[in-house]
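Entries follow in the order I checked things.

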Amino acid sequence: MSNFRSLLIWQKSMALTTKIYFSTNNFPKEEIFGLTSQIRRSSISIPSNIAEGFGRESDKELLRFLNISVGSLFEMQTQLEIAKNISYLKEYDFNNLYEDSREVERMLVSFIKKIKDRS
């Protein structure tokens with residue numbers, strides 16, 4: 001792999017982040033500095049940490065950033081569930097985003113295992 005852009009996991013997490021931005025556009029304006037911002041920041045953190053880890057010198061550092069991505073992903077999943085519970089997200093939209101996030105989660109866990117096995 002020549003750079004992080006060639007990683008399918010980065011591409012999928014970028015697509016998820018884009019969906020998050022569109023899905024949170026209709027949240028109430030009073031949430032712009034609250035839940036809207038939190039969901040967006042946690043989603044941005046996922047591909048950002050994958051990219052940053054890829055640019056590091058060692059597998060140990062890569063693993064550290066991949067694990068941060070997992071934490072951000074879980075944070076985002078929790079925030080999406082809150083948004084659904086308070087009716088900011090429709091059930092269909094939540095399910096769509098959640099399934100995409102679960103795909104990224106499985107890919108991250110698999111990638112982490114692969115890096116650990118080669119170390």
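Helix pair first. I am working from a predicted model. I looked up the axes of H2 and H3: they come within 8 Å and cross at roughly 160°. Angles over 145 degrees count as roughly antiparallel, so H2 and H3 are roughly antiparallel to each other. I also noted the hand: H2 passes H3 in a left-handed crossing.

Next, serine 42. I placed serine 42 in helix H2, which spans residues 35–54. Is serine 42 buried or exposed? I read a relative accessible area of 3%. Buried means under 20%, so serine 42 is buried.

What does the side chain of serine 42 pair with? I found a polar contact of 2.8 Å to the side chain of glutamine 79. I then listed what serine 42 touches, leaving out residues up to four places away in sequence: Ser72, Glu75, Met76 and Gln79.

I followed Met76 from there.

Last, the core. I looked up the largest nonpolar core and got 28 residues. Met76 is among those with the most contacts inside it, along with Ile39, Ile50, Leu66, Leu80 and Leu108. I checked which elements give two or more residues to this core: helix H1 (8–24), H2, helix H3 (59–85) and helix H4 (91–118).

How values were computed: Residues are numbered from 1 along each chain as its sequence is written. This is a predicted model: local features need pLDDT of at least 70, side-chain atom pairs count only at pLDDT 80 or more; totals for chains, interfaces and linings use all residues. Side-chain values use heavy atoms; hydrogens and water are left out. Helices (H or I, at least four residues) and strands (E, at least two) are DSSP runs, numbered from the N terminus. Buried means under 20% relative accessible area, exposed over 50%, partly exposed in between (1.4 Å probe, protein chains only). A polar contact is a pair of N or O atoms within 3.5 Å; within protein, one must be able to donate a hydrogen and the other to accept it, and residues adjacent in sequence count only if both atoms are side-chain atoms. Contact means heavy atoms within 4.5 Å. A nonpolar core is a set of buried Ala, Val, Leu, Ile, Met, Phe, Trp, Tyr and Cys residues joined through side-chain atoms within 4.5 Å. Axes are lines fitted to C-alpha atoms, for helices over the stretch in contact, and angles run from 0 to 180 degrees between N-to-C directions. Angles under 35 degrees count as roughly parallel, over 145 as roughly antiparallel, 65 to 115 as roughly perpendicular and the rest as oblique. A crossing is left-handed if the near helix is turned anticlockwise from the far one by less than a right angle, and right-handed if clockwise.
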